[in-house]
Amino acid sequence: MQGFLLFSVFIGIGINMLCQKYPRFSTTIKIGCICVLLLQVGLTYPEVIPLTTENTYLESYAESELQSLPSNSIYIAFGDYHQNSMLYLHQSCHKRSDVTILYLPYASYLWFNQTQLPLYPQIQWPGTVYHPYGSILHGEGGNAFNLTEFINANIQQHRLFITAWMDQKEKLPEQYSLWPVGLFYEV
(Lines give C-alpha, C1' and ligand atoms only; values in the text may rest on other atoms or scores of the structure.)
Protein backbone atom coordinates (compact mmCIF):
# COMPACT_ATOMS: atom_id res chain seq x y z
CA MET A 1 0.00 0.00 0.00
CA GLN A 2 2.82 2.43 0.74
CA GLY A 3 4.15 2.07 -2.80
CA PHE A 4 0.74 2.95 -4.22
CA LEU A 5 0.59 6.05 -2.02
CA LEU A 6 3.92 7.26 -3.36
CA PHE A 7 2.82 6.38 -6.90
CA SER A 8 -0.42 8.33 -6.38
CA VAL A 9 1.48 11.41 -5.21
CA PHE A 10 3.57 11.41 -8.38
CA ILE A 11 0.47 10.87 -10.53
CA GLY A 12 -1.18 13.84 -8.81
CA ILE A 13 1.88 16.01 -9.44
CA GLY A 14 1.92 14.93 -13.09
CA ILE A 15 -1.78 15.64 -13.57
CA ASN A 16 -1.37 19.05 -11.95
CA MET A 17 1.55 19.88 -14.26
CA LEU A 18 -0.43 18.75 -17.33
CA CYS A 19 -3.43 20.83 -16.29
CA GLN A 20 -1.22 23.90 -15.80
CA LYS A 21 0.56 23.43 -19.14
CA TYR A 22 -2.67 22.75 -21.07
CA PRO A 23 -5.41 24.64 -19.20
CA ARG A 24 -7.83 24.23 -22.13
CA PHE A 25 -7.74 20.45 -21.69
CA SER A 26 -7.65 20.32 -17.87
CA THR A 27 -11.22 19.01 -17.60
CA THR A 28 -10.53 16.35 -20.25
CA ILE A 29 -7.30 15.33 -18.49
CA LYS A 30 -9.07 15.01 -15.13
CA ILE A 31 -11.96 13.00 -16.59
CA GLY A 32 -9.47 10.78 -18.45
CA CYS A 33 -7.53 10.12 -15.22
CA ILE A 34 -10.74 9.29 -13.34
CA CYS A 35 -11.72 6.85 -16.12
CA VAL A 36 -8.29 5.16 -15.98
CA LEU A 37 -8.58 4.91 -12.20
CA LEU A 38 -12.06 3.38 -12.41
CA LEU A 39 -10.84 0.96 -15.08
CA GLN A 40 -7.93 -0.07 -12.84
CA VAL A 41 -10.25 -0.65 -9.88
CA GLY A 42 -12.73 -2.54 -12.07
CA LEU A 43 -10.04 -4.85 -13.45
CA THR A 44 -8.27 -5.62 -10.16
CA TYR A 45 -11.21 -5.65 -7.73
CA PRO A 46 -12.46 -9.14 -8.69
CA GLU A 47 -8.95 -10.54 -8.17
CA VAL A 48 -8.19 -8.75 -4.89
CA ILE A 49 -11.38 -9.63 -3.01
CA PRO A 50 -10.83 -13.43 -3.00
CA LEU A 51 -7.23 -12.88 -1.87
CA THR A 52 -8.31 -10.89 1.15
CA THR A 53 -11.57 -12.62 2.09
CA GLU A 54 -10.27 -16.17 1.77
CA ASN A 55 -6.98 -15.49 3.55
CA THR A 56 -7.50 -16.52 7.17
CA TYR A 57 -3.95 -17.55 8.05
CA LEU A 58 -3.37 -14.92 10.72
CA GLU A 59 -6.85 -15.37 12.15
CA SER A 60 -6.34 -19.14 12.35
CA TYR A 61 -2.93 -18.62 13.95
CA ALA A 62 -4.33 -16.24 16.55
CA GLU A 63 -7.30 -18.51 17.25
CA SER A 64 -5.06 -21.52 17.90
CA GLU A 65 -2.70 -19.51 20.08
CA LEU A 66 -5.50 -17.94 22.11
CA GLN A 67 -7.18 -21.30 22.69
CA SER A 68 -3.99 -22.83 24.05
CA LEU A 69 -3.57 -20.13 26.73
CA PRO A 70 -4.97 -20.96 30.17
CA SER A 71 -7.34 -18.54 31.85
CA ASN A 72 -5.91 -15.73 33.98
CA SER A 73 -2.65 -15.83 32.03
CA ILE A 74 -0.61 -12.97 30.59
CA TYR A 75 0.67 -13.21 27.04
CA ILE A 76 3.66 -10.91 26.42
CA ALA A 77 4.03 -10.16 22.72
CA PHE A 78 7.21 -9.01 21.01
CA GLY A 79 6.12 -8.64 17.38
CA ASP A 80 3.36 -7.20 15.24
CA TYR A 81 1.71 -10.33 13.95
CA HIS A 82 1.72 -11.92 17.41
CA GLN A 83 0.14 -8.91 19.01
CA ASN A 84 -2.18 -7.63 16.29
CA SER A 85 -3.73 -10.92 15.26
CA MET A 86 -4.45 -11.95 18.83
CA LEU A 87 -5.64 -8.49 19.89
CA TYR A 88 -8.04 -8.42 16.95
CA LEU A 89 -9.75 -11.59 18.18
CA HIS A 90 -9.47 -10.50 21.79
CA GLN A 91 -10.85 -6.96 21.47
CA SER A 92 -12.93 -6.93 18.28
CA CYS A 93 -14.38 -10.45 18.38
CA HIS A 94 -14.50 -10.59 22.21
CA LYS A 95 -12.72 -13.93 22.44
CA ARG A 96 -10.86 -15.01 25.54
CA SER A 97 -11.38 -11.96 27.73
CA ASP A 98 -9.89 -14.02 30.57
CA VAL A 99 -6.42 -13.71 28.98
CA THR A 100 -4.35 -10.52 29.09
CA ILE A 101 -2.44 -9.71 25.90
CA LEU A 102 0.33 -7.18 26.35
CA TYR A 103 2.74 -5.79 23.80
CA LEU A 104 5.40 -4.91 26.36
CA PRO A 105 7.53 -2.61 24.15
CA TYR A 106 4.59 -0.17 24.04
CA ALA A 107 5.13 0.40 27.75
CA SER A 108 8.29 2.32 26.86
CA TYR A 109 6.18 5.15 25.41
CA LEU A 110 4.73 7.92 27.55
CA TRP A 111 1.33 7.77 25.81
CA PHE A 112 1.03 4.12 26.86
CA ASN A 113 2.00 4.84 30.44
CA GLN A 114 -0.42 7.74 30.75
CA THR A 115 -3.40 6.15 29.05
CA GLN A 116 -3.03 2.36 28.98
CA LEU A 117 -1.52 1.23 32.30
CA PRO A 118 -4.85 1.72 34.12
CA LEU A 119 -6.49 -0.61 31.56
CA TYR A 120 -4.45 -3.51 32.97
CA PRO A 121 -5.50 -3.61 36.64
CA GLN A 122 -4.64 -7.31 36.92
CA ILE A 123 -0.98 -6.65 36.09
CA GLN A 124 1.52 -5.59 38.72
CA TRP A 125 3.69 -2.89 37.18
CA PRO A 126 7.18 -2.79 38.76
CA GLY A 127 7.63 0.71 37.32
CA THR A 128 6.02 3.03 34.83
CA VAL A 129 8.40 2.81 31.86
CA TYR A 130 9.56 -0.38 30.18
CA HIS A 131 13.22 -0.46 29.15
CA PRO A 132 15.42 -3.50 28.43
CA TYR A 133 17.94 -2.27 31.02
CA GLY A 134 15.22 -1.76 33.61
CA SER A 135 15.93 -0.53 37.10
CA ILE A 136 19.43 0.52 36.13
CA LEU A 137 17.69 3.79 35.24
CA HIS A 138 16.30 4.23 38.77
CA GLY A 139 19.51 6.06 39.75
CA GLU A 140 18.93 8.47 36.89
CA GLY A 141 15.60 9.51 38.40
CA GLY A 142 13.56 7.18 36.19
CA ASN A 143 11.08 4.50 37.15
CA ALA A 144 11.95 1.88 34.52
CA PHE A 145 11.51 -1.89 34.60
CA ASN A 146 12.67 -4.68 32.33
CA LEU A 147 11.31 -8.12 31.46
CA THR A 148 12.94 -9.73 34.49
CA GLU A 149 11.34 -7.25 36.88
CA PHE A 150 8.01 -7.64 35.12
CA ILE A 151 8.18 -11.43 35.47
CA ASN A 152 9.19 -11.20 39.13
CA ALA A 153 6.23 -8.91 39.85
CA ASN A 154 3.63 -11.11 38.13
CA ILE A 155 4.79 -14.74 38.23
CA GLN A 156 3.06 -15.49 41.57
CA GLN A 157 -0.40 -14.36 40.39
CA HIS A 158 -0.41 -15.39 36.70
CA ARG A 159 0.98 -17.91 34.28
CA LEU A 160 3.19 -15.93 31.91
CA PHE A 161 3.72 -16.63 28.22
CA ILE A 162 6.14 -14.92 25.83
CA THR A 163 6.31 -14.94 22.04
CA ALA A 164 8.93 -17.12 20.44
CA TRP A 165 10.87 -14.04 19.40
CA MET A 166 12.06 -11.70 22.12
CA ASP A 167 14.18 -8.58 22.09
CA GLN A 168 17.80 -9.73 22.05
CA LYS A 169 18.68 -7.15 24.72
CA GLU A 170 16.37 -8.94 27.13
CA LYS A 171 17.90 -11.60 29.29
CA LEU A 172 15.64 -14.03 31.08
CA PRO A 173 16.46 -14.37 34.78
CA GLU A 174 18.50 -17.45 35.58
CA GLN A 175 15.89 -18.72 38.07
CA TYR A 176 13.36 -19.05 35.21
CA SER A 177 13.35 -21.09 32.05
CA LEU A 178 11.20 -21.02 28.94
CA TRP A 179 9.03 -24.02 28.11
CA PRO A 180 7.88 -24.22 24.47
CA VAL A 181 4.10 -24.27 24.06
CA GLY A 182 3.11 -24.08 20.39
CA LEU A 183 4.65 -20.97 18.89
CA PHE A 184 5.34 -19.27 22.22
CA TYR A 185 6.98 -20.06 25.55
CA GLU A 186 5.71 -20.35 29.08
CA VAL A 187 7.93 -18.84 31.75
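Select strand 5 and strand 7: the two run antiparallel and are joined by three bridges. Strands here are DSSP runs of E with at least two residues, helices are runs of H or I with at least four, and both are numbered from the N terminus. Two strands count as paired if DSSP finds at least two bridges between them. The model is predicted, so local features need pLDDT of at least 70 and side-chain atom pairs count only at pLDDT 80 or more, while totals for chains, interfaces and linings use all residues. Residues are numbered from 1 along each chain as its sequence is written, and side-chain values use heavy atoms, with hydrogens and water left out.

**Stop 1**

Show Thr-163 and look across to strand 7, where Phe-184 stands opposite. How many of the five residues of strand 5 are buried? Four are, and the strand is mostly covered. Buried means under 20% relative accessible area, exposed means over 50%, and partly exposed lies in between (1.4 Å probe, protein chains only).

**Stop 2: the salt bridges**

The structure holds three salt bridges. A salt bridge is a side-chain nitrogen of Lys or Arg within 4 Å of a carboxyl oxygen of Asp or Glu.

Arg-159 is partly exposed at 42%, whereas Glu-186 is buried at 16%.

Now select Lys-95 and Glu-63, a salt bridge whose closest N and O atoms are 2.9 Å apart. Lys-95 lies in the loop between helix 4 (80-92) and strand 2 and Glu-63 in helix 3 (residues 57-68), so this pair ties together parts that are 32 residues apart in sequence. Lys-95 has 30% relative accessibility and counts as partly exposed; Glu-63, at 24%, is partly exposed too.

Then select Arg-96 and Asp-98, another salt bridge, with 3.0 Å between the closest N and O atoms. Is Arg-96 buried or exposed? Arg-96 is buried because its relative accessible area is 17%, while Asp-98 is partly exposed at 31%.

**Stop 3: Thr-100**

Move to Thr-100 in strand 2 (residues 100-103). Thr-100 counts as buried because its relative accessibility is 8%. Its side chain makes a polar contact of 2.6 Å with that of Gln-122. A polar contact is a pair of N or O atoms within 3.5 Å; within protein, one must be able to donate a hydrogen and the other to accept it, and residues adjacent in sequence count only if both atoms are side-chain atoms. Leaving aside neighbours within four places in sequence, the contacts of Thr-100 (heavy atoms within 4.5 Å) include Ser-73, Tyr-75 and Tyr-120.

**Stop 4: the nonpolar cores**

A nonpolar core is a set of buried Ala, Val, Leu, Ile, Met, Phe, Trp, Tyr and Cys residues joined through side-chain atoms within 4.5 Å. The largest one has 20 residues, and those with the most contacts inside it include Ile-76, Phe-150 and Ile-162. Strand 1, helix 6 (147-154) and strand 5 each supply at least two residues of this core. Helix 6 gives the most, three residues.
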